[in-house]
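Please keep the sequence and the model in view while reading.

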Amino acid sequence: MRMAQTLAQKIVARAAGKAAVTPGEIVTCKVDLAMMHDSGGPRRVKPMLERLGAKVWDPGKVVLATDHYLPANDEESRTIIRIARDWAAEAGVARFHDGEGICHVVLPENGYLRPGMFAVGGDSHSPTGGAFGAYMFGVGSTEMVGVLVTGEIWLRVPHTIKIEWSGRLSRGVAAKDMMLALIARLGLDGGRYEAVEYAGSAVSWLPMQERMTLANMTAELGGQTGLIASDDVTRDYLKTDIERWDSDADAALLAHHRFDADGLQPQVAAPHSPANTRPVTDFQQKIDLAYIGACTGAKLADLRMAASVLRGRKAKSKLIVAPASLRDQQAAEREGTLQVLLDAGAELLANSCGMCAGYGQHQLGENTVAISTTARNFKGRMGAASAQVYLASPYTVAASAVAGYIADPRGMLQ
């Protein structure tokens, strides 16, 4: 008898070498790809591997990126980056991307993700890979060592929570608004550390980099992974033929939440939690700084959103832009998008995690009020504990930079 399976179950079953799996079952899965960055990668795993006297099971399935401690402007940063570079050479990791951008963006840019893959990443936002129909989730350095040595990891087969968005987003409303609205409604633990599958007409309409934002912020929703079935959008982004992976229509779900994209307004999360979200029209807060950066807010699609507001305007508040990858920055430069941001008064930072994780010289000072495209606004994450960080889409952050206070972008679109 055929067992109906969700997308998550199908991918886990393939990785476990089984015809089907059942939620709650414990299985051992073969890993197709393991991704690390400089912060949680070689500086953590190298000493453990050396103590074990172990080598990487398959260097061709490992991807390493430097993105947290860049630019390396002190001895600690320089040491961490040097360890990453040395280990990549020693371990034979050819897929080493040094200073090319944030790992979650660099990974798909280089075509490493495919529908149906089972992957792990040494970062909590690794569910980004689920936008490509790949099962990807974050692990700590100890678990990563196990993967690096054996090429396998055990997993409790997840239940699936389906989040269905009908309709289509209005101009000035983005995937970031969808996620903030979801987190406000369901809470930071709404994903229950299960698989969250995004579906519906509004999701189907989203371009790939917007889908990446949905999958990425599954971490803030409390899910283990976020998944979107592969389709023509996936194929067109990857520029190659792909397998179609999706859920069986009659597969059992832990929960099924339905939302309407047509009526969604721009959303803003007030300090100090993504769950503290309300419509932008509820806010009149003055700001000191607007930050367009991070894996959720500075991809090419995000930079274009900001430019659609900033074109021909000047920012009243300080505006900082850190493109998520060098490739996206170069594309934005070629098409004129980057110049629009610079003409508006933006200060350009490196292609790195930067302010999002509180690294480097551009941390928020005492009592700074900022609005940011980052995924999190926990107290002290981006600098001083007294700083107040609001979260929003690139549209809203750009509009707020122009106004000098949190502003609705819909009246500024060009």
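On a 1 Å grid over the protein atoms alone, a pocket is an open set of points where a 1.4 Å probe fits, with protein on both sides within 12 Å along at least five of seven lines, whereas a cavity is a set from which the probe cannot get out; lining residues have an atom within 4 Å of a point. The model is predicted, and for that reason local features need pLDDT of at least 70 and side-chain atom pairs count only at pLDDT 80 or more, while totals for chains, interfaces and linings use all residues. Residues are numbered from 1 along each chain as its sequence is written, and side-chain values use heavy atoms, with hydrogens and water left out.

**Pockets**

The largest pocket is lined by 16 residues, and those nearest its centre are Gln-209, Tyr-237, Lys-239, Leu-300 and Asp-328. At least two residues of this lining come from each of α4 (103-109), α8 (208-216), α10 (232-238), α11 and α12 (326-335), where helices are DSSP runs of H or I with at least four residues, strands are runs of E with at least two, and both are numbered from the N terminus.

The second largest pocket is lined by 19 residues, with Leu-169, Val-173, Pro-207, Glu-210 and Tyr-395 closest to its centre. Here α7 (201-205) and α11 each supply at least two residues of the lining, and the largest share, four residues, comes from α11.

Ala, Val, Leu, Ile, Met, Phe, Trp, Tyr, Cys and Pro count as nonpolar, Asp, Glu, Lys and Arg as charged, and the others, Gly among them, as polar.

| Pocket | Volume | Lining by class |
|---|---|---|
| Largest pocket | about 400 Å³ | eight nonpolar, two polar and six charged residues |
| Second largest pocket | about 350 Å³ | 11 nonpolar, four polar and four charged residues |

**Strand β14 and its partners**

Helix α11 (residues 300-310) also belongs to a right-handed β-α-β unit, which it makes with β14 and β15; a crossover is right-handed if, with the strands pointing away from the viewer, the path from the first strand over the helix to the second runs clockwise. Strand β14 (residues 289-293) pairs in the parallel sense with β15 (residues 318-322) over five bridges, and Tyr-291 stands opposite Ile-320 in β15. Three bridges join β14 to β17 (residues 369-372), again in parallel, with Ala-290 opposite Ile-371; two strands pair if DSSP finds at least two bridges between them.

Five of the five residues of β14 are buried, a term that means under 20% relative accessible area, with exposed over 50% and partly exposed in between (1.4 Å probe, protein chains only). Leu-289, Tyr-291 and Gly-293 cover one side, and Ala-290 and Ile-292 the other.

**Aromatic rings**

The structure holds six aromatic pairs, in which rings of Phe, Tyr and Trp (its six-membered ring) have centres within 6.5 Å, and planes under 30 degrees apart count as stacked, over 60 as edge-to-face and the rest as tilted. One of them, Phe-118 with Tyr-135, is stacked, at 5.6 Å centre to centre and 15° between the planes. This pair links strand β5 (residues 118-121) to strand β6 (residues 135-138), its members being 17 residues apart. Tyr-135 also pairs with Phe-137, edge-to-face at 5.8 Å centre to centre and 80° between the planes, and Phe-118, Tyr-135 and Phe-137 form one aromatic cluster. Phe-118 counts as buried because its relative accessibility is 0%, Tyr-135 likewise at 0%, and Phe-137 at 3%.

Notes. Grid points are joined across faces, edges and corners, and a volume is the space filled by probe spheres set on the points.
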